[in-house]
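Subject: Model for you to look over

Hello,

Here is the structure I promised to pass on. Please open it alongside this message.

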Amino acid sequence: MRILQTHDRTYHLHIHRHRGRKRIQFKRRRRTHFEVGAPFFMSDAAILDFARRHLAALDALPILPPLRLKPFEEGCVWLFGHRYPLKTAIGTSPRVWLKDDTVHVQSKEDDIEAYAAALERFCKQLLGREAQAIAEVLQERHPALPAEVKIFPRRMETRFGSCTPSRRRVRVNLALIHYPRTCLEYVVAHEMSHLLHPDHSRAFYDTLAKLCPDFRAREKDLKRRHAAFTRASDKTAPL
Ligand SMILES: [Zn+2]
């Protein structure tokens, strides 16, 4: 994290660099906390300088909803269809681990957003690993699929997945971490099929049916679970 000090405020910038990114982008998480997506070769000094020149625009950005706080409000997290109680602790570094059927979240400060950020990183890694393993199985099953596809879990508002065929990249919705693996398998199979057929043509569905014969039932199941999960703001079990 980089700090930008002005005469009356301290801005916190969490910088993420991406190879494909051409422009700098700011997302406001808290009043003075920003996530910065920056081009790969942009230096910290250049980013701070850019922020300093655009302070009025930064202050005008809407504050995005906090990271996934819901698990902490409910005291549990759903990983691949199983419900795990959550335990938080203060420690020297942010860390998440699974032990005795409990998810332990450690953070440097006793702050719900810091815990949530650590848990989100853990979920991203876990989902990325699983999705990558599924992609490898699919490639073996269907050799026409391109090799070395890279999968990235992302927070997404409206879709379960998307892909960039020219770069062999697939993005999967981070929410998939909550549902059984069969849901993730369906989404990875759907996006991998798009690597061969960008549209929803007959050929696309032929490929998808080869990769995942019961894709229609799985899609329906996923939509039902996701609707129930995003609706469940009370303490009832989301699944
Ligand atoms: Zn599609």
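Below is what I found, topic by topic.

**Confidence**

This is a predicted model. The protein averages a pLDDT of 89, and 94% of the residues score at least 70. Helix α5 has the highest confidence, at 97. Confidence is lowest in helix α3 (residues 70-74), with a mean of 78. Treat one stretch separately: over residues 233-239 the pLDDT is below 50. Beyond near neighbours in sequence, that stretch has eleven contacts in the model.

**The four-stranded sheet**

Four strands make an open sheet, in the order β1-β2-β4-β3. The pairing is mixed. β1 (2-5) and β3 (25-30) are the edge strands, each pairing on one side only. From one strand to the next the twist averages 30°.

Take the β3 side of β4 (residues 33-39). These two strands run antiparallel and are joined by five bridges. A hairpin of two residues links β3 to β4. Arg28 stands opposite Phe34 in β4. Gln25 has Gly37 as its bridge partner in β4.

Now the β2 side. β2 (residues 10-18) pairs with β4 in the parallel sense, over seven bridges. Here His14 stands opposite Glu35 of β4.

**Helix α5**

α5 covers residues 181-196, which makes 16 residues. From first C-alpha to last, α5 reaches 23 Å, close to the 22 Å expected at 1.5 Å a residue. The buried residues include Leu184, Val187, Val188 and Leu195.

**Cores**

In soluble globular proteins, nonpolar side chains tend to be buried together. The largest nonpolar core in this model has 36 residues. Val172, Leu176 and Val188 touch the most other members. Elements that give two or more residues to this core are β5 (76-79), β8, α4 (112-141), β11, α5 and α6 (202-211). α4 gives the most, with nine residues.

Leu176 is worth a click. Leaving aside its neighbours within four places in sequence, Leu176 is in contact with Leu127, Phe160, Cys183, Leu184 and Val187.

Another core, of six residues, lies apart from the largest one. Its members include Phe34, Val36, Ala38 and Ala51. Phe34 is the residue that Arg28 stands opposite in the sheet.

**Two positive phi angles**

Two residues other than glycine have positive phi. Asp100 has a phi of about 50°. Asp100 sits in the loop between β7 (95-99) and β8 (102-107). Is Asp100 buried or exposed? Asp100 is exposed, because 8 other C-beta atoms lie within 10 Å.

For Arg168, phi is near 55°. Arg168 is in the loop between β10 (161-164) and β11 (169-173). Arg168 is partly exposed, with 17 other C-beta atoms within 10 Å.

Best wishes

Notes. Residues are numbered from 1 along each chain as its sequence is written. This is a predicted model: local features need pLDDT of at least 70, side-chain atom pairs count only at pLDDT 80 or more; totals for chains, interfaces and linings use all residues. Two strands pair if DSSP finds at least two bridges between them. Axes are lines fitted to C-alpha atoms, for helices over the stretch in contact, and angles run from 0 to 180 degrees between N-to-C directions. The expected span of a helix is 1.5 Å times one less than its number of residues. A residue is buried if 20 or more other C-beta atoms lie within 10 Å of its own, exposed if 12 or fewer, and partly exposed in between; C-beta atoms are placed from the backbone. pLDDT is the predictor's confidence in each residue, from 0 to 100. Two residues are in contact if their C-beta atoms, placed from the backbone, lie within 7 Å. A nonpolar core is a set of buried Ala, Val, Leu, Ile, Met, Phe, Trp, Tyr and Cys residues joined through C-beta atoms within 7 Å.
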